[in-house]
Amino acid sequence: MVRNIIFCWLTVLMISLEVSAVPEKPPAASTPPPDTLFCIGKPDASAMEFGLTAERWQGYAKAFPNPIVFTVGKSKLTDWPYIHPSNHDSWAGGKAHAFTIKFNLDKPPQQNLHLLLGLTDVFTPPELVVNLNGRDIAKRRLQKGKGQSNASPEESARPLSLVFTVPKGALQAGENSLCLTLRDGSWMIYDYVALSTDAKPLKIQDETPELAQEFLRGPLAGAEEIVFAVRSIIQEHWYANFGYFSPDANKKLYGKAGRLCKVNLKTGKLTTLVDDPEGSVRDPAVHYDGRVIIFSYRKGGTETYHLYTINADGSGLRQLTDGIYDDIEPAWLPDGGIVFVSARGKRWVNCWLTQVANIFRCDADGRNIRQLSANLEHDNTPWPLPDGRIAYMRWEYVDRNQVNYHHLWTMNPDGTAQTIYFGNMNPGGVYIDAKPIPGSDLVALINSPGHGQTEHMGHVATMDVSAGPDNLPSLRNVTRRADYRDVWAFSPDAFIAARDNRLMAINARGQVATLFTLPEEFCKEPNTWLHEPRPIVKRERELIIPSRVDLAQPVGRYMLDNVYFGRNVSGIQPGEIKKLLIVESLPKPVNFTGGMDPMSYAGTFTLERVLGTVPVEPDGSAYFEAPALRSLLFVALDEKDRAVKRMQSFTTVAPGETLGCIGCHEHRTLTQQVCMARRPSAVARAASKIEPFAGVPDIPDFPRDIQPVLDRNCVKCHDYDKREGGIILTGDRGPMFSHSFYTLTVWKQIADGRNLARSNYTPRSLGSGGSELMKKLEGGHHGVKASPRDLLMVRLWLDCGAPYPGTYAALGCGMIGGYQQNKPVLENDQEWPTTVAGQKVFANRCASCHSAEMKRVPRTLSDEIGLSFWTPSMDDPRLKHNRHIVFNLTRPEKSLALLAPLAKTAGGYGTCGAVFGGKDDPDYRTLLAMVEGGKKRLDEVKRFDMPGFRPREEWVREMIRYGILPASTKPDAPMDVYEIERRYWKSLWYEPSPPLAAGQ
């Protein structure tokens, strides 16, 4: 708490802080320099030093029921609210608010003064009226700020500066009253208020140097020795810091300049425990006894991180794990084991070119390694909470946006009870490096903005989950800047964190100070940073949660109390849900870009396998077995087996675990009323076995499984010769997809969640329950009535996210203008001679009608005409004439790019008029040759559904690395990619170890 008014001037800021560990005497009275009469607050682009920061704006009316009057020299900074409300703010009474500053002068100044206001944000622009001693001296309509408009005191927006001239003679000897009134608008947030002889806004100060000494006297007393890692970094996503890029195994993602060091902040002594210039060190964690450090280390000359321990004095270096897979981010467990994340899960990021690390555990000596998480994407920074659970970041995107869901989850140390801790219903931010704050129920974490920054950079933040996992105000950024990493908390008011090559002290008000900077000789390698600072101290073990797993069982069980209990289930009638469809999300063995192509067009990134169904009892309960350690999701089905509600997150059950839930999508802060007379009927019987579907593939493949359904039921009216409604549903190939697949997507015939940051849709919004195609095939479209088998196949395809290929071997190949690392460089035709020739035709014959943005047509087979490939609006009119539909690489003469400008008398559509009077027009022939060039090239490189298809050599490389294919396998060897991928997935399934023979 700031004890007294802060006086500041242009270059000096006198600050008095109260630190609980070291009580301070009140500062002696201070007279400000002549150029500044007073300054309320600190010019640091943060409002955290003011009042109301704990209660926030919601508590304004209770905390400040009376008008604000601040007396310079007497009032505390907490007497000044960080936020100034106005008429539009009903939470503060919906009226104009006046903040008054009273100050004394011995004599009036002889020159003009300037009122300086530093603001961090402004919402609906209000009018500010400045009144001095009963006289209005200024009125100004403010501009909206550039912040997030969430009224947070730690708002990290670009600061706003306002300067008002105080007329000469307006001040008087004795008491003066300066009043700031907001009206006709909404709030503003203060950084500082100053009265100065200089008209320049105050310089924003990034650090509070005296904070370092306060930390050494207080929270760091007895904990001055800090261990940390040193390494150079690669500027990549937060998770892309081990392994290699998929297209080039020689392009590594790890840095060098590896050191493990400790520094005594009191004496300044720096000790290097491990020094490996060609290696890389990361993730130190100090044992409960304060004497042993576990860390991850890639030795120079090797490619893989493994776990090591070393004594705090530098002796006893010992390697714990080995093999070809990276092991990183270890933490000690109270039961004596180690939790860490590892690439042993043998999977790749679904939307990038790097490997995934999931949660594993092992004994203290590195033996008995066991996988705990089945996530398709990354789990990061596991760390035990005081109650014994492990908190960790889980990234997922089950039929929703890939860059918005990486929040905090918990599990027990044996892998049971995996559940959300905070954030999964609200998109945005990467919540990582979470650790408990001693003396509180809070956790400290790094809130890395957007899709996360390099090496976990972000705001130091705190989180209180007592209001539930969906209450966003419970997450509070502490620091203004988002360039901190690897936070450690000593108390709710004392943190340390890494920042570039420095170790920083941070208090709850966001004030920071440098505690230590790496020596210059450590930083000869570019981008060499200080990482993962941890105090070398003893600490208490967390509670030990007894294990609930039975490793002899390959399955676990789910107990659902009531499928009708939950949020967003209105309209579902009791007894309406008959079954649960059990679906498994399948890992990728490799990946090549950040989008979903060619899995879908702006939809799913993954393949999903249908395991089957289990019954739901009339009372809404279900009890069933499920395979352990698999990424599962459930779809509630009605009497016609159509989807009513669908999970957009996955669940995992540990071996032998029974995992219960009270409903579907229920609020986590609610409990269902217990009725002793009601016992879920499902528990009166043995757990149901999943009943598979007979006679249909469990992993749908559009060309193989869905196109024949369209051929039988739809193509007779939706071919090029009879294009009813302008719809084409043939299997002809475009540059990336078949025309039917693209058409069903763009004409909104499927309902798959797209790549949208949305969750928990209303009933019958997703999958088979929300699909217009399903309705048409069931008899709702000109008498079309598909067979039961066709309806089943389409229904399962829709409920598996409606993918295009049924194999990941299709990734990164078989496309003209396909994407690699977010660039359309795969077989891009822009410089092909046939395409170059076609550009003149487009310029001379088409440009006059198709130059406007919304009327553009693709001029090459790779031209996206300005559309985002990953997140296009499904209402964008350009989708109807995108490259994926206007070029036909199966029958080039049937390309819409040729039929539309060709006269009807010549067999065309004449949509553009008779641009080409006949097929003998040289320009027509030139465009036809351009499309034929694409067909010829596609016939050579081959798509996954074409005879003779071969996957990329990187796919083969990874299958060899996983042990699925023999090392002698040649990339061009004939192979059944569908069968090989099934062997790959099966190799990841949990299987109980066989019992040991006597004597083993």
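Colleague: What should I know before I start, on numbering and cut-offs?
Modeller: Residues are numbered from 1 along each chain as its sequence is written, and side-chain values use heavy atoms, with hydrogens and water left out. This is a predicted model, where local features need pLDDT of at least 70, side-chain atom pairs count only at pLDDT 80 or more, and totals for chains, interfaces and linings use all residues.

Colleague: And the helix and strand names, what are they?
Modeller: They are DSSP runs, numbered from the N terminus. Helices are H or I with at least four residues, and strands are E with at least two.

Colleague: Let's begin with β22. Is it buried or exposed?
Modeller: Mostly covered. Six of the six residues in β22 (327–332) are buried. Buried means under 20% relative accessible area, exposed over 50%, and partly exposed in between, with a 1.4 Å probe and protein chains only.

Colleague: Which strand is β22 joined to?
Modeller: β23, residues 338–342. Four bridges join them, and they run antiparallel. Two strands pair if DSSP finds at least two bridges between them. I328 stands opposite V341 in β23.

Colleague: How many residues sit between β22 and β23?
Modeller: Five, and the two strands form a hairpin. In the turn, G336 has a positive phi of about 100°.

Colleague: What holds paired strands together in general?
Modeller: Strands of a sheet pair through backbone hydrogen bonds, either parallel or antiparallel.

Colleague: Next, the sheet with β34. What is the strand order?
Modeller: β34-β35-β36-β37. This is an open sheet of four strands with antiparallel pairing. β34 (485–491) and β37 are the edge strands, each pairing on one side only. On average, neighbouring strands are turned by 25° against each other, direction ignored. Axes are lines fitted to C-alpha atoms, for helices over the stretch in contact, and angles run from 0 to 180 degrees between N-to-C directions.

Colleague: What packs on that sheet?
Modeller: Helix α2 does, touching β35, β36 and β37. The direction of α2 makes about 75° with that of β37.

Colleague: Which residues of α2 are buried?
Modeller: L211, A212, E214, F215 and L216, in a helix that spans 210–217. Their cover includes β35 (494–499), β36 (502–506) and β37 (512–517). Contact means heavy atoms within 4.5 Å.

Colleague: How many bridges link β36 and β37?
Modeller: Five, in the antiparallel sense. A505 stands opposite A513 in β37.

Colleague: Now the sheet with β39. What is its order?
Modeller: β42-β39-β45, an open sheet of three strands with mixed pairing. The edge strands are β42 (622–627) and β45 (658–661), each pairing on one side only. Neighbouring strands here are turned by 20° against each other on average, direction ignored.

Colleague: Which way does β39 run against β45, parallel or antiparallel?
Modeller: Parallel, with four bridges between β39 (555–560) and β45. The bridge partner of Y558 in β45 is L659.

Colleague: And how many bridges join β39 to β42?
Modeller: Six, and those two strands run antiparallel. V555 has P627 in β42 as its bridge partner.

Colleague: Which way do the residues of β42 point?
Modeller: A622, F624 and A626 point one way, and Y623, E625 and P627 the other way. All are buried.

Colleague: Switching to helices. At what angle do α3 and α6 pack?
Modeller: About 135°, with their axes 10 Å apart. That makes α3 oblique to α6. Angles under 35 degrees count as roughly parallel, over 145 as roughly antiparallel, 65 to 115 as roughly perpendicular and the rest as oblique.

Colleague: Which residues meet there?
Modeller: From α3 (702–713), F702, D705, I706, V709, R712 and N713. They meet D790, M793, V794 and W797 in α6.
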